[in-house]
Every structure is written in C-alpha cells, then in structure tokens.
Amino acid sequence: MYQNFNFPGGLDALPLAKELRRKVFITEQGFQNEFDDIDRTAWHVLISEGGFPCGTGRVFETPAGSGCYHLGRIAVERDYRKQHIGSLVLKKAGRKGQELGARELQLSAQVQAQGFYEKNGYQAIWLHLSR
C-alpha cells in the first residue's frame, strides 16, 4: 500500500525525498546542480511503501500570485519504475497545485520523458534546444 506525504516546509523536512532525487538525478543521470532555492519553499510529494521512498516530485507557484503552478523534479526509484509511481506522483503534485488555487499547471522535463508526460495528459508546447 502506497502512502503519500505533502510537506510545505521545503525539501529539508523530507530527507527521504532529497536522497531519492540525489540517487536518481545525480548518481544515475549525472546532473550536478540538482537542488535549488525553490526546494526550500515548494510543496514536495513523497510516495512510499513500507517506509521506503518510491517516488517524489514538487509543485510551486511561479511567479508568485500568478495562479500558474509548476510541477517538476519527478523521480522514481529504479525498482519501482514501470509501476505507475511517476504517474501517481504527478497526479498528487497536480492535485496539490489545484488545492492551492492553480489556474494552470506547467512542467519542464527531459526530452526522453516527453512520452511519459503525454501519457499523463500533458502536451509539449515547445522544446528548448541547446548546443
């Protein structure tokens, strides 16, 4: 049975989510600057099973007062992939945004994750390409 938790106090209040993001984005994918100032104020979602972190993500309003909420940093533990945990994280984060008054939900994602987001009802509006 999966449990989910929402923490308004920032990522430091949720060390299991922070460690999962470190594992997925830094160790597995090689990102260097995974954590940012937004982590201190964003709402973070953690999906766990028996106390073990399975998936996490965050939602925050940007710019403040706009009614536009941004979903991101969706990370799923390797052993739980292909079990719809990412979809559950996305759903819970989106629901939290709506509870907070979102008029619009947006996200930024890695290109290779585009299919995942499209399966969850999102559509690509533009792609950022860089050299």
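How many nonpolar, polar and charged residues are in the lining of the largest pocket? The points below start with the chain and end with that count.

1. The model is predicted. Its protein chain has 3 helices and 5 strands. Read along the sequence, these elements follow the pattern β-α-β-β-β-α-β-α.

2. For a chain of 131 residues, a compact globule would have a radius of gyration near 14 Å, and the protein chain agrees because its own value is 14 Å. The C-alpha trace spans about 35 × 35 × 30 Å along its principal axes.

3. Of the 131 residues, 34% count as buried, that is, they have under 20% relative accessible area. The accessible surface of the chain comes to about 8,200 Å², and carbon and sulfur atoms hold 51% of that area.

4. Contacts between residues at least 6 apart in sequence were also counted. Of these contacts, 60% join residues at least 24 apart.

5. The largest pocket has a volume of about 1,000 Å³. Its lining is made up of 33 residues, and those nearest the pocket centre are Q29, I74, A113, F116 and Y117. Two or more lining residues come from each of α1 (15-28), β3 (52-61), β4 (68-76), α2 (85-99) and α3 (114-119). The largest share, 7 residues, is given by β4.

6. This brings back the opening question. In the lining of the largest pocket, 13 residues are nonpolar, 13 are polar and 7 are charged.

Conventions: Residues numbered from 1 in each chain as written. Predicted model: local features only at pLDDT ≥ 70, side-chain atom pairs only at ≥ 80, totals over all residues. Heavy atoms only, no water. 1 Å grid on protein atoms, 1.4 Å probe; cavity = no way out; pocket = protein on both sides within 12 Å on 5 of 7 lines; lining within 4 Å. Points joined across faces, edges and corners; volume = space filled by probe spheres on them. Helix = DSSP H or I, 4+ residues; strand = E, 2+ residues; numbered from the N terminus. Nonpolar A, V, L, I, M, F, W, Y, C, P; charged D, E, K, R; others polar. Rg over C-alpha atoms; globule rule 2.2 N^0.38 Å. Buried < 20%, exposed > 50% of the residue type's maximum accessible area, 1.4 Å probe, protein only. Contact = heavy atoms within 4.5 Å. Areas by Shrake-Rupley, 256 points an atom, 1.4 Å probe, with all protein chains shown as cover.
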